[in-house]
Amino acid sequence: MKIQSLKKRNSDLSQSERQLQILSNGLFADGELPTFKERLERAGKAPLTPGKLEILQVNVGYMCNQVCAHCHVDAGPDRKEIMTRDTMKEILSVIEKTGAHTLDLTGGAPEMNPDFRWFVEEASKVGISDFIVRSNLTIIKANKKYADLPEFFKKHGIHVVSSMPHWTRGKTDKQRGDGVFDKSIQALKDLNAVGYGMPGSGLKLDLVYNPSGAFLPGNQASLEKEFKKALLEDFGIHFHELFAITNLPISRFLDYLIASENYEDYMYNLVDAFNPAAVDNVMCTNTLSVSWDGWLYDCDFNQMLEMKVQSAVQHISDFNMEILQNRKIAICQHCYGCTAGAGSSCQGSVA
Amino acid sequence: MNLERIKYFNINLMEKTYYNPSDLRKFKNITEWSEELGEKFFEYYGKVFEEGALSAREKSLIALAVSHVVQCPYCIDAYTQDGLQRGINREEMMEAVHVGAAIQSGATLVHGVQMMNKYNKLSM
């Protein structure tokens, strides 16, 4: 069955208020499970506050050529929210002013933003040392105009981080749509062909694994070993690191959890796996997330829940690092996803 | 189905059965009524499943096979989930179950020799 975005389906879960309501009711309202705030307090880790800003994660739009079953952005071809060049200019001037060394571009499929290449070229000029593009891979094969992306990435020394839920066709296509596996394999071969992911290559190609169902990711190092062996033996594909990312109970993944009657067990699993050591390195402590329309969030998940930074400064046009630095990070029960087990961030495990 | 209803059904459909899936979460509570033995058991259990001469992945598949042989529904739930987390695929899981089934049916059939011995002894 073809998946549609929650927004297109007019699902009540496309409303962030409804998602937050679910995450705060039931098990958490009954006191059966501690809220994330209570758990942080018990661990002596509250309130959560930001450290030094290192990564600016920019969501350049929710449009995507894929409609994945687990997508926390509710992205898809029908999503029209796209960052304009004016907002990009504001971000560039912020990069110049702050010490953020990493620009992390995400979406949707970030490459579908018509100003994507312009933005990358301009950002290269203003001192970004690590440039990450979160590519879904299939975009490279989606249309002729994207076929030269590997060369474009190479030209700007972009660090490519690609989603690959499994090394088998069945699991991948079930999560991400029919044909996604074959196209992803082709795209990985194209990236390898220009030097990405090859042993010893400075052209970094990392893969993101997230579980295709209501379970947490296993040990990142073991999974990396499995992925490397299978992709090399079966397809001759090389990559550098594997990031194991936990699916957070929001948006389409929350919809799946509820529809499959896995919601309560999943929340129990997340809460049981709470690891205080993971709290110290969660990505919201060194990252700021910018939405397509320039609003600021503690992370991409908070962005989707429309939980803006708790600060007098909330928009890129008013950016003031000093004021932002004094904020408390906005939290809710979905945050358990980043502190479960070895922790989870856009860079994979954190503990 | 909304969450309130899911909750309602879980409570009302399950409480009069011997097995309740949510009891697995309470496994650790056995320690409350016998702290020393409970803690020793969980320490031993944790140690058993660590990486060793066998990998944790191999141990997970053995546990899945044994779970079926001892017909423990909690263990089947737990080690199916554990396998998924480790990236173990369904073909591997099913083969493990067949290993358990083969040993169990073999154990039945090998007693056929006893039956044959007894038959021959009693027969003229």
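**Close-up views: cysteines and a helix pair**

**View 1. Cys72(B) of the predicted model is buried, with a relative accessible area of 16%.** Its disulfide partner is Cys75(B). Cys75(B) is partly exposed, at a relative accessible area of 26%.

**View 2. The Cys72(B)–Cys75(B) disulfide is the one found in a search of the whole structure, over all chains.** A disulfide is a covalent bond between the sulfur atoms of two cysteines. Here the sulfur atoms of Cys72(B) and Cys75(B) lie 2.3 Å apart. The link is right-handed, with 75° about the S-S bond.

**View 3. Cys64(A) is in no disulfide.** The nearest cysteine sulfur belongs to Cys68(A), 6.3 Å away. Seen from Cys68(A), the closest cysteine sulfur is that of Cys64(A), and 6.3 Å is too far for a bond because the cut-off is 2.5 Å. Cys64(A) counts as buried at 8% relative accessibility. Cys68(A) also counts as buried, at 7%.

**View 4. Helix α4 (residues 56-69) of chain B packs with helix α6 (residues 90-122) of chain B at an angle of about 50°.** Their axes are 8 Å apart. The angle makes α4(B) oblique to α6(B). The crossing of α4(B) past α6(B) is right-handed.

**View 5. Residues from α4(B) and α6(B) meet in the helix contact.** On α4(B), they include Leu61(B), Leu64(B), Ala65(B) and Val69(B). On α6(B), Met93(B), Ala96(B) and Val97(B) are among them. The contact divides into seven nonpolar, three polar and two charged residues.

Conventions:
Residues numbered from 1 in each chain as written. Chains lettered and ligands numbered in written order. Predicted model: local features only at pLDDT ≥ 70, side-chain atom pairs only at ≥ 80, totals over all residues. Heavy atoms only, no water. Buried < 20%, exposed > 50% of the residue type's maximum accessible area, 1.4 Å probe, protein only. Axes fitted to C-alpha atoms, helices over the stretch in contact; angles between N-to-C directions. Helix = DSSP H or I, 4+ residues; strand = E, 2+ residues; numbered from the N terminus. Parallel < 35°, antiparallel > 145°, perpendicular 65-115°, else oblique. Left-handed = near helix turned anticlockwise from the far one by under 90°. Contact = heavy atoms within 4.5 Å. Nonpolar A, V, L, I, M, F, W, Y, C, P; charged D, E, K, R; others polar.
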